[in-house]
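Reader: Could you take me through this structure slowly, one feature at a time, and show me how each is to be read?

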Amino acid sequence: MNSILLASTNPQRLRDWYVAALEPDDVSGEGVYRFLRFGDFFLLIDQRADIADKNPEPGRVIFNYSVEDARAVAKRMDGLGVTWLAELEDRDGSLFATAIDPDGNYVQIIQLSPAERAAMERR
């Protein structure tokens, strides 16, 4: 998989939030689709009229973002006034936090510990 389409009733607001919160590698597209590139993965944001303003079941899909500095990302998100489902916590040296985007989707930031990264590479 190399992309996901995220539908919104207010795609520009959602795009602006993701750009400010997660600083994608590249941002392109206006009008119908907004493309945000994170490494080799693309988040496409589209407008749809057949959805609610807020996601009624945000736990169905959680967007995971691997970050180099979870504390810095969490601080940047705090500056945006983010609501946290789960604040930044240390889990055996790895850092996790789950924010709620403007449409009510869950967005998890993850900074894996060096030991966990090494273990993943061995698997």
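**Strands and helices**

Author: Strands E5 and E8 (residues 106-111) pair in the parallel sense over 5 bridges, where pairing requires that DSSP find at least two bridges between two strands. Helices (H or I, at least four residues) and strands (E, at least two) are DSSP runs, numbered from the N terminus. The model is predicted, so local features need pLDDT of at least 70 and side-chain atom pairs count only at pLDDT 80 or more, while totals for chains, interfaces and linings use all residues. Residues are numbered from 1 along each chain as its sequence is written, and side-chain values use heavy atoms, with hydrogens and water left out.

Reader: Which residue of E8 stands opposite Ile62?

Author: Ile62 faces Tyr106 in E8.

Reader: What is the order of the strands in the open sheet?

Author: The 4 strands follow the order E5-E8-E7-E6, with mixed pairing. Strand E5 (62-66) and strand E6 (83-91) are at the edges with a single partner strand each, so one side of each has no neighbour in the sheet. From one strand to the next, the twist averages 15°.

Reader: At what angle do the axes of helix H1 and helix H2 cross?

Author: Axes are lines fitted to C-alpha atoms, for helices over the stretch in contact, and angles run from 0 to 180 degrees between N-to-C directions. The axes of H1 (residues 11-22) and H2 (residues 70-79) come within 8 Å and cross at roughly 140°. The contact (heavy atoms within 4.5 Å) involves Trp17, Ala20, Ala21 and Leu22 of H1, together with Val73, Arg76 and Met77 of H2.
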